[in-house]
Amino acid sequence: MVKTDTKGIWKVISASSMGTLIEWYDFYIFGSLAVVISTKFFPSDNPTAAFLSTLATFAAGFVVRPFGALFFGRLGDLIGRKYTFMATLLLMGGATFLIGCIPGYETIGFLAPLLVLILRLLQGLALGGEYGGAATYVAEHAPVHQRGYWTSWIQTTATAGLFVSLMVILITRSLLSEEAFDTWGWRVPFWISIIMVYVSYLIRKKMSESPEFAKAKAEGNTSKNPLKESFGHKYNLKFVLLALFGATMGQGVVWYTGQFYAMNFMKTVMNVESSQVDTLLGIALLLGTPFFVFFGWLSDKIGRKKIMMAGMLLAVLLYRPIYKTMYETVNVSNKTIIKTESYADLNAAKNISLATFYYDYEDGTRATKIVSTDLNKQNIAPETKSTSITVSPQNKWWLIFLVWIQVLFVTMVYGPIAAFLVELFPTRIRYTSMSLPYHVGNGIFGGLLPAISTYLVTNAKEKGNPEFYLEGLWYPIIVASLSLIIGLVYLDHKKRN
Amino acid sequence: MNLLKRLLGVLWLLLSVAAAYFCIMDFGLPKLNSGKQDDLVFGIIILFILTPLIVSGLAIFGYFALNGEYDKNKM
């Protein structure tokens, strides 16, 4: 076994985590600003269609991640972890910065969405290479019996990246007027990335290669063809498949449900005001993040499998009750109105009347509804343009608790996963072998979750299903159940390296 | 446990066929044929990325399980 300097491991953790956090930040600001981006780059008169367009691009960003895993994973097993994850960092930073520089559709036409799509794909490729490198790099520095604990710091970066992205957006919004943010302010979070990436690059540059890889290289034990060894040999391929179907697939959907579906659900199904959702989610993430480290540490004591499977089981059993409670907590049709105000505005040029209604409910909830009436047309019912609900302080904390529980499930499945994957594969092909199942599970099964679940909800709504809002949960429930069964039956506790 | 692992291998093989049917008929083709641009992207991703991965991955996994590759002595 390679001797590791435990004192220096914090330096390794800091350098790796900071870069990975920034990559997640870069990746998430696109998703967090999806609604704004859709109006700037995707031409459509229908906001839902524009939003779905962005989700599709979001999914495209996820779908290419496995290809990044293959490309950079191979490179990492051939030339080393350090240089590979420095390359992914620069690629990600450059792509993010450039997204913030692209002129809108109104200025350069279809070139705008095309460039956004290309840069989004580059982001996906970079992220595909980053995670496996960081997790492998930290695990190969850590003492074997503490891998769960040390790699769990890397696991916090995904949630912390989302948290930072939400905070940067919130701060930018609060510093600018709504009009300024909509015109140019949304670009600021993209531009900030380049500074963070540069700092992280300087830190990573000073780090040395992982001791296990350096030893393997010195002894001539590195792989000549990591792709062939990883996926062309039956013995290793069966573990790649087991890692995917028995762990990362379920982990991916639990993760994306807890963080992204919860956010989409509150914004688009429950109609909670966007910045309030960001705050709620931010608090839940902040309170939940330490549990990544706790469950990583616990996995060193009682094993990775038990914790990950328990997380999936709880998610499968509790998602529907949790989402039903969330929906009912904010559902204004169950509440009593105590005060109503309304203001009307007439667009004389278009002869359209816009009325804004404010409803105050007995529990402190406030709803704002904007209704438009086309005065050119006779016998046309007024159309509701938007509904926005501001949750009462009491219900706000209840919602935070319900999201926090979901984040807790995320920490259970995600906290130990890096150590679990690292221990499944040998040093010579570790980067390649662990990256692919991780990114297929998270990028494809998890990344497609918002699009598939939105589709299921819309479908159920069109068919008049009274519980349409819960239908989107079938996708994570079925996928996590399948992964749970496979994990319980096929996974063992052996370390294979 | 080895017997259970092998028997479940049949289930994974059948599930891969069911997943192929569901992904193509319920998700992929209706989306491709809807005529909407957004649906087209979604349909392409489902049909050409998600479906082959689930179907081939589950089928190979089931085949390995059925042939005892995940038996205790081979792990």
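**Figure 1. Where domain 1 of chain A touches domain 2 of chain A.** In this predicted model, 11 residues of domain 1 of chain A are in contact with 10 residues of domain 2 of chain A; contact here means that the C-beta atoms of two residues, placed from the backbone, lie within 7 Å. On the domain 1 side, helix H16 (304-330) and helix H17 (393-414) of chain A are the elements that give two or more residues. H17(A) gives the most, with 3 residues. Helices (H or I, at least four residues) are DSSP runs, numbered from the N terminus. Sorted by class, this side of domain 1 has 4 nonpolar, 5 polar and 2 charged residues. Ala, Val, Leu, Ile, Met, Phe, Trp, Tyr, Cys and Pro count as nonpolar, Asp, Glu, Lys and Arg as charged, and the others, Gly among them, as polar.

**Figure 2. The two domains of chain A.** Domain 1 covers 9-331 + 393-490, while domain 2 covers 332-390; such bounds come from an automatic or database domain assignment. The C-alpha centres of the two domains lie 38 Å apart.

**Figure 3. Where chain B meets chain A.** Here, 17 residues of chain B are in contact with 18 residues of chain A. On the chain B side, look for helix H1 (2-32) and helix H2 (37-66), the elements that give two or more residues. H2(B) supplies the largest share, 11 residues. This side of chain B has 13 nonpolar, 1 polar and 3 charged residues.

**Reading the labels.** Residues are numbered from 1 along each chain as its sequence is written, and chains are lettered from A and ligands numbered from 1 in the order in which they are written. Local features need pLDDT of at least 70 and side-chain atom pairs count only at pLDDT 80 or more, whereas totals for chains, interfaces and linings use all residues.
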